[in-house]
Amino acid sequence: MRSTSSAHARSWLTRTETAADVPAVRALTLAAFGRLHEADLLDGLRRDEAWIDGLSVVATDPADPAGTPVGHVVLTRAFIGDVPALAMGPVSVDPDHQLSGAGSAAVRAGLDAARSMGERFVVLLGHPTYYPRFGFVRASAHGIRLSIDEPDEAWMALALDDRHPLPSGLVRWAAAFGI
């Protein structure tokens, strides 16, 4: 996979995470968030039955011969009511590469991988000014509910295929999320 960020005219290589990437992705997640919570969540998701091989994607700098991940996204099984969906997150970008397009490249590649697997819907809790660029909309406008109290503007959903409108219902997350 190759992705280019038009805003920054920088090219990123994107690929499915390998077992060799796991320590670097953990370090990347720690650096991106500055705390253990998201890195520990990611470790928990790797052990969870909601993990889907092929939906943990990294972005690397083509100039780096080691291929060290600088961006990462993971999508895991969730449900909107009884309808299968994906939950996106955590999404991490190395602090030295933020605003470079590495995160956008990883997100686009992750969403493309999900589409290629026939997935239809994605939900996430995230920055309301960042994720709409990928097509995410306010989930509550579609009757998609959370069982926890989070800001409505941060609760978003995406239909990966226009032929299938977003369903409504309460979201069930992977057990690792603790929700």
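These notebook entries record what I looked up in the structure.

**Entry 1: the chain as a whole**

I noted at the outset that this is a predicted model. I then listed the secondary structure and found 3 helices and 10 strands. Read along the sequence, the elements follow the pattern β-β-α-α-β-β-β-α-β-β-β-β-β. I next looked up the radius of gyration, which is 15 Å; the globule rule gives 16 Å for 179 residues, so the chain is as compact as a globular protein of that length. Along the principal axes, the C-alpha atoms fill a box of roughly 45 × 30 × 30 Å.

**Entry 2: burial, surface and contacts**

I looked up how much of the chain is covered, and 49% of the 179 residues count as buried. The chain exposes about 8600 Å², and carbon and sulfur atoms supply 52% of that area. I also consulted the contacts with a separation of 6 or more: residues 24 or more positions apart account for 65% of them.

I asked how many residues of strand 3 are buried. The count is 5 of the 5, so strand 3 is largely enclosed by the rest of the structure. I checked the two faces separately. Ser56, Val58 and Thr60 are buried on one side, and Val57 and Ala59 are buried on the other.

I then turned to the pairing of this strand. Strand 2 (residues 10–16) runs antiparallel to strand 3 and is joined to it by 4 bridges. Within that pair, Thr14 stands opposite Ala59. Strand 4 also runs antiparallel to strand 3, with 5 bridges between them. Here I recorded Pro69 as the bridge partner of Thr60.

**Entry 3: strand 10**

I followed strand 4 (residues 69–80) to strand 10 (residues 169–172); the two run antiparallel and are joined by 2 bridges. Ile80 has Val171 in strand 10 as its bridge partner. Ile144 stands opposite Gly169 in strand 10.

**Entry 4: helix 2**

I checked the length of helix 2 (residues 36–47) against expectation. At 1.5 Å a residue, its 12 residues should span 16 Å, and the end C-alpha atoms are 17 Å apart, which agrees. I listed the buried residues of helix 2 as Glu38, Ala39, Leu41, Leu42, Asp43, Gly44 and Leu45. I then asked which elements these buried residues pack against. They pack against helix 1 (22–33), strand 4 and strand 5 (83–93).

**Entry 5: the nonpolar cores**

I looked up the largest nonpolar core, which has 28 residues. Met88, Leu111, Val122, Tyr131 and Phe136 touch the most other members. Strand 3 (56–60), strand 4, strand 5, helix 3 (102–116), strand 6 (121–125) and strand 9 (155–159) each give two or more residues to this core. Helix 3 gives the most, with 8 residues.

I took Val122 as an example and looked up what it touches, leaving aside residues up to four places away in sequence. Val122 touches Leu75, Leu86, Met88, Leu111, Phe136, Met156, Ala157, Leu158 and Leu160.

Note on methods:
Residues numbered from 1 in each chain as written. Predicted model: local features only at pLDDT ≥ 70, side-chain atom pairs only at ≥ 80, totals over all residues. Heavy atoms only, no water. Pairing = 2+ DSSP bridges. Expected span 1.5 Å × (residues − 1). Buried < 20%, exposed > 50% of the residue type's maximum accessible area, 1.4 Å probe, protein only. Contact = heavy atoms within 4.5 Å. Rg over C-alpha atoms; globule rule 2.2 N^0.38 Å. Areas by Shrake-Rupley, 256 points an atom, 1.4 Å probe, with all protein chains shown as cover. Core = buried A, V, L, I, M, F, W, Y, C linked by side-chain atoms within 4.5 Å.
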